[in-house]
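Q: Hello! I am new to this structure and would like to learn how to read it. Could we go through it together?

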Amino acid sequence: MKFFVDTADVEEIRALNALGLLDGVTTNPSLIAKSGRDMSEAIKEICDIVDGPVSAEVTATDYDGMMAEAEKLLAIADNVTIKVPLTEAGIQACHALSSKGVSVNVTLCFSVAQAILAAKAGAAYISPFVGRLDDIGQDGMELIQEICEIYDNYDFPTEVLVASIRNPIHVVASARMGAGVATVPPSVLRQMFKHPLTESGLAAFLADWKKTGQSIL
Ligand code: G3P
């Protein structure tokens, strides 16, 4: 399973990348707004830090506008993935860009039918939003299970990129279902380290070690 981090916070990305855990990054217009950064500058910096794909999302809603924005975003770095919304124009842009060998992430997916359209359009990634479905009382992980099953049925090469992750349980469930990628907020990635027995166990080891009066160095 690949880990992408879902943020445009360059310092967070630098810190998490240093742990050796990042396979890529996803951003969206809300995350760029939250960062307070100029989009092109932030994407360039992120692409310099992380070797893997960095999703940069178009904001035009028409096909021509999406294609023009994609061209500009692709010029930023070789590892830019173009993120398009799951609309008719987005799917058309996905098809056109994918046909030219561009990596496309289709976002704002909330149904299996939508995921089939993205795969048919040659998307490199489909981003179903599990947390936002849970928020309205639907089971987000059930959607992941169904998409994984259908993509397997047809050997679609589109990777299931689980998005809108809210907690480590979403990550573990995604892994059990065989989803290719989880895009994780930095806070959730840090939560994954935590276990009270790890913390108390380490405290006990260090206390016992101190009693020995030894030092490894
Ligand atoms: O980047 C898309 C997705 O991960 C957004 O998540 O938390 O805004 O629902 P969230």
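This is a predicted model: local features need pLDDT of at least 70, side-chain atom pairs count only at pLDDT 80 or more; totals for chains, interfaces and linings use all residues.

Q: Which residues of helix α9 are buried?
A: In helix α9, residues 168–177, the buried ones are His170, Val171, Ala173 and Ser174. They sit on the same side of α9, because the arc they cover around the axis is only 170°. Look next at the face turned away from that buried side: there you find the exposed residues Ile169 and Arg176.

Q: What does the chain look like as a whole?
A: The protein chain has eleven helices and eight strands. Its C-alpha atoms fill a box of roughly 70 × 35 × 30 Å along the principal axes. Of its 217 residues, 46% count as buried. The accessible surface comes to about 11300 Å², and carbon and sulfur atoms account for 55% of that.

Q: Which residues have the most contacts inside the largest nonpolar core?
A: They are Val80, Ile82, Val106, Ile126, Ile147 and Val160, in a core of 64 residues. Take Ile126 as a case to follow. Beyond its neighbours within four places in sequence, Ile126 is in contact with a list of residues that includes Leu86, Val106, Cys109, Ala118, Ile147, Tyr151 and Val160.

Q: Where on the surface is there a nonpolar patch?
A: Look for Leu202, Phe205 and Leu206, which together have about 350 Å² of accessible area. Phe205 belongs to helix α11, residues 196–212. Its relative accessible area is 62%, so Phe205 counts as exposed, the cut-off being over 50%.

Q: How should I read salt bridges?
A: The general idea is that side chains of opposite charge can pair when their charged atoms come close. This structure holds nine salt bridges. One of them joins Arg14 to Glu11, with the closest N and O atoms 3.4 Å apart. Both residues lie in helix α1 (residues 10–18), three residues apart, which is about one turn of the helix.

Q: Which parts of the chain does the salt bridge of Arg190 and Glu12 tie together?
A: The side chains of Arg190 and Glu12 meet at 2.9 Å, N to O. Arg190 is in helix α10 and Glu12 in helix α1, so the pair ties together parts 178 residues apart in sequence. Arg190 is partly exposed, with a relative accessible area of 36%, and Glu12 is partly exposed too, at 23%.

Q: Are Lys83 and Glu57 buried or exposed?
A: Lys83 is buried, and so is Glu57. Their salt bridge has its closest N and O atoms 3.8 Å apart. This pair links distant parts of the chain, with Lys83 in strand β4 (residues 80–85) and Glu57 in strand β3 (residues 54–57), 26 residues apart.

Q: Which residues other than glycine have a positive phi?
A: For this feature, look at the backbone angle and then at the place of the residue. Leu108 is one of them, with phi near 60°, and its place is in strand β5 (residues 104–109). Ser164 also has a positive phi, of about 60°, and is found in the loop between β7 and α9. Leu108 is partly exposed, with a relative accessible area of 32%, whereas Ser164 is buried at 9%.

Note on methods. Residues are numbered from 1 along each chain as its sequence is written. Side-chain values use heavy atoms; hydrogens and water are left out. A nonpolar core is a set of buried Ala, Val, Leu, Ile, Met, Phe, Trp, Tyr and Cys residues joined through side-chain atoms within 4.5 Å. Buried means under 20% relative accessible area, exposed over 50%, partly exposed in between (1.4 Å probe, protein chains only). Contact means heavy atoms within 4.5 Å. Patches are made of residues with over 30% relative accessible area and no salt bridge: like charges are joined within 9 Å, nonpolar side chains (Val, Leu, Ile, Met, Phe, Trp, Tyr) within 5 Å. Accessible areas come from the Shrake-Rupley method with a 1.4 Å probe; for residues, only the protein chains shown count as cover. A salt bridge is a side-chain nitrogen of Lys or Arg within 4 Å of a carboxyl oxygen of Asp or Glu. Helices (H or I, at least four residues) and strands (E, at least two) are DSSP runs, numbered from the N terminus. The arc is that of the directions from the helix axis to the C-beta atoms.
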